[in-house]
Amino acid sequence: MSALEKYRGLAHLLGVAVVLPLLAWRLALADTAGKWREARRTEKQLTALRTQDAAPAAPLLVVGEHIRDGELLGEILCGPGCCEVVKYTPYVANAADGLAIHTAEVVLNTDCLSFVRIVDHIERTMPASRLRSVSLRAMVPRGSTRPQLYGMLIIQQIAETK
């Protein structure tokens, strides 16, 4: 029996016990662990930023009705960025016990950067209103070959009914 054959079992055991886990770590788990560490670091940074920028919460109930009175439309048109309001549909989603949830569906024809600026402007200047849905669509209108960007906002506000 040669020395190579004598230690073959030990070599296989060493390969299974040491080399296989090292290969698994290098080929599969190292990237995952790196991404996990990066996600935890980013989460800590976001938590720190949230505590720094923590502003007092806006009141849930407001006296003025920005959606029904049309002030929301004025904020969109007078806000940053140029846009064309394609559709504005205000309606009462639910009314009970002296409270009403006013909802507005606003469709804008604008470019992406202006749309983001408008959304940011609404969130900052109208704290009593909450954005419930924001979506972007590129559609080709009839009679045109160029696609246009349409942004849809669904905004809600809780107000007292009279």
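**Exercise 1. Is D120 buried, partly exposed or exposed, and which residue meets its side chain in a salt bridge?**

Step 1. D120 has a relative accessible area of 32%. Buried means under 20%, exposed over 50%, and partly exposed in between, with a 1.4 Å probe and protein chains only. D120 is therefore partly exposed.

Step 2. The side chain of D120 meets that of R124 in a salt bridge, at 2.9 Å from N to O. A salt bridge here is a side-chain nitrogen of Lys or Arg within 4 Å of a carboxyl oxygen of Asp or Glu.

Step 3. Both residues lie in helix α5, four residues apart, about one turn of the helix. R124 is exposed, with a relative accessible area of 64%.

A word on the model: it is predicted, so local features need pLDDT of at least 70 and side-chain atom pairs pLDDT 80 or more, while totals for chains, interfaces and linings use all residues. Residues are numbered from 1 along each chain as its sequence is written, and side-chain values use heavy atoms, with hydrogens and water left out.

**Exercise 2. Find how many salt bridges the whole structure has, and describe the one that K87 forms.**

Step 1. A search of the whole structure gives two salt bridges.

Step 2. K87 pairs with E105, and their closest N and O atoms are 3.5 Å apart. This pair links distant parts of the chain: K87 is in strand β1 and E105 in strand β2, 18 residues apart.

Step 3. K87 counts as partly exposed at 37% relative accessibility, whereas E105 is buried at 19%.

**Exercise 3. List the elements of the protein in order.**

Step 1. Helices (H or I, at least four residues) and strands (E, at least two) are DSSP runs, numbered from the N terminus.

Step 2. The protein has five helices and four strands. From the N terminus on, they run α-α-α-α-β-β-α-β-β.

**Exercise 4. Where is T103, and which side chain does it join in a polar contact?**

Step 1. T103 sits in strand β2 and is buried, with a relative accessible area of 2%.

Step 2. Its side chain joins that of Q156 in a polar contact of 3.3 Å. Such a contact is a pair of N or O atoms within 3.5 Å; within protein, one must be able to donate a hydrogen and the other to accept it, and residues adjacent in sequence count only if both atoms are side-chain atoms.

**Exercise 5. What is the phi of D97, and where does D97 lie?**

Step 1. Most residues other than glycine have a negative phi. D97 has a positive phi of about 55° although it is not a glycine.

Step 2. D97 lies in the loop between β1 (84-96) and β2 (99-109), and is exposed, with a relative accessible area of 82%.
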